[in-house]
Amino acid sequence: MGEFLPSLELPVEAGKNHAMDKITDKIAALPAETNYCSLEFFPPKTAMGFSNLRDRLDRMARALRPLFVNVTWGAGGSTATKSLELAEICQRELGLTTCLHLTCTNMSRKLIDKTLEDAKALGIRNILALRGDPPRRAEYRDSNEPQTDDDEEDEFHWAVDLVRYIRKTHGDYFCIGVAAYPEGHADESHPLGQSLEHDLPYLVEKVQAGADFLMTQLFFDIAAYDHFEKTLREHPSGAFKDIVIIPGLMPIQSYQMIKRTTKLSHAKIPDALMDRLEAVRGDDERVKEVGVDIVSELVEQIKEIKGRTAEGPKGFHFYTLNLEKAVSFIVERTGLIPPETPEEEELQSAVRHNPLPDIRLLRINGSVPDDGRRKGSIGSDPRDRVIVQGRSTSYPDWEATAQEASIPAEPINSRANTLAISEGEGVLGREATWDDFPNGRWGDARSPAYGQIDGYGVSLHVTVAQALRIWGTPRTTEDINNVFIRHLKGELTNIPWSEEGFSPETDKIRDQLIKLNSKGWWSLASQPAVNGLRSSDPTFGWGPANGFVFQKAFVEFFIPSADWKVLEQKLRHPDLKDDVCFYAINAAGDFVSSDAAGSLEAEGEKEASTNAVTWGVFPGKEIVTPTIIEEVSFRAWSEEAFGIWGEWAKIYGKGSESEKLLEKIRGDSWLVNIIHHDFIDSDAIWKVLLN
């Protein structure tokens, strides 16, 4: 368990011992007409992301005052440890009532017992009991763990098994939540039997086993949720008559992310909503604005539904994806922030009597806030000042030192000021929401939102039956070649590393990628070079109108170790070394790169490089760089990339020919990412790799 410094300033309610409360007790204590929100976070993949998330959590706790927060669970190993570390920050350091997710399949009873004891030691009294990936216990068993009859009896196949086990071993100490699916749950990528009616007997069973509240998966179909809530409340078993049902909502952070997430979760986006997103899909800012509108409308519609179906406080759970701007707008617009305390009202009154000068404000909520709205820091009082370094200020009214700029002005910690920062207003707001437009694993590794957000760590996203049907039973490297090539040709829907289809720009380099994969160099990601195309280009365009976009070509692929030795020498040749940047790592963690440093820890060597491989220039804006490749992010991703070889191998059983092949490949391969800096010559990278 990690050690954390004590918080200097806790949220207002932290000192009232609310962090020790059960969620259902906190809800029961609210006035009947109260609206409240809860927020969900996942453990960042990098140390820098973890550090930045701590500040974001503190800010969001002050601004939005969630009733509780959820921390997602990564089954096994370092991911599980990170979940507990994040839960410790939330519960102990920030004083937030915390609900820890816990999946039960493919985990030993010993690990579940330890996790529950760790949660108790941290003061956590709330668990969201989930199944996780389809059970494959025999493949996950620790080789040192003996197999006994008791193990078989206590094997966890479903979430209800975990609910029963927690009640059996811990009584009513924990408040237990379970997942519910307004549109029905399915393991299949293209489910045919997905329906609420199919799920109901299992949901009844979970509640009767001891679940205290239901939390829904994300949804956008309000008609489906209306049917869901009405069906549960009127169910003849009476199991759901009075139980707390909290709808789960996901702010729309980007077009591609919401498409991917709804595909994985099987959540339908109604055509009318999809049309609104399609109309702005090339502009991330507009997508987020439309997304705020859509989710805010859902909140108001859910309020109306709950007003008809149940009495008592109305809660809304937000899957934040570790970002704060969109959810802050939604929570403020829909009135989910609790009223200010008398102390906060007094502080805010001081701000109103010392108004800011008229400045341009973001109008995403449809109106400009009153002129009593929030200051930034000493360096911005009474106006934004230029920050100077290396000297004292010559014009104190117009300049500030970096130290002065870092000291909050007296009213900055008012709730209104903190909310403004979370919404991106002013210099402090821009700094706080600097990572507001992530691009999956190609974003900045310092961001708390860096990486793919799946909730359960490394996963194939398919059942064993699906995996066998799609990828067959490979016995030779040629069989692996065919899996990648057939995917490139559109004959397979997915590969273990990607469940998504290709973007239109892949058509420009598809032939080259097929040649690469035919060599046994298996590609995971790539993009062609682009030199100043208009942002409206149908294939490569993105961002606001009247802009220009650029791309450096890159390819990321697995390569046999013998081939890598030859390619590395070629990349380091004097005629080529200044034109390319590369990062390479194997399953053992051996790392090399084109940087002189080669490793972030090496002493006396230059800092490792950071490569913006996609950027755009737009009227009235700074240069936007949504796609970045650098050492920290590459290392973080490589753990998952090599882990997927292991997941693929497990579906064939220990000792099988396919399992031996895949494990051998995993041990012998290097993961390599090569970037060519010449974005004018579209063939430059292929001359290196294919000649």
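This is a predicted model: local features need pLDDT of at least 70, side-chain atom pairs count only at pLDDT 80 or more; totals for chains, interfaces and linings use all residues.
1. Basis. Local features need pLDDT of at least 70 and side-chain atom pairs count only at pLDDT 80 or more, while totals for chains, interfaces and linings use all residues. Numbering starts from 1 along each chain as its sequence is written, and side-chain values use heavy atoms, with hydrogens and water left out.

2. Helix pair. Helix α19 (residues 477–488) and helix α20 (residues 510–518) have axes that come within 9 Å and cross at roughly 175°. Helices here are DSSP runs of H or I, at least four residues, numbered from the N terminus. Axes are lines fitted to C-alpha atoms over the stretch in contact, with angles from 0 to 180 degrees between N-to-C directions. The two helices are therefore roughly antiparallel (angles over 145 degrees).

3. Their contact. From α19, Asn-481, Phe-484, Ile-485 and Leu-488 meet Arg-510, Leu-513, Ile-514, Asn-517 and Ser-518 of α20 (contact means heavy atoms within 4.5 Å). These residues comprise 5 nonpolar, 3 polar and 1 charged. Ala, Val, Leu, Ile, Met, Phe, Trp, Tyr, Cys and Pro count as nonpolar, Asp, Glu, Lys and Arg as charged, and the others, Gly among them, as polar.

4. Gln-512. Beyond its neighbours within four places in sequence, Gln-512 contacts Asp-683, Trp-686 and Leu-690.

5. Gly-646. Leu-662 is 16 residues from Gly-646 in sequence, and their C-alpha atoms are 7.4 Å apart. Outside four places in sequence, Gly-646 contacts Glu-663 and Arg-666.

Methods: Angles under 35 degrees count as roughly parallel, over 145 as roughly antiparallel, 65 to 115 as roughly perpendicular and the rest as oblique.
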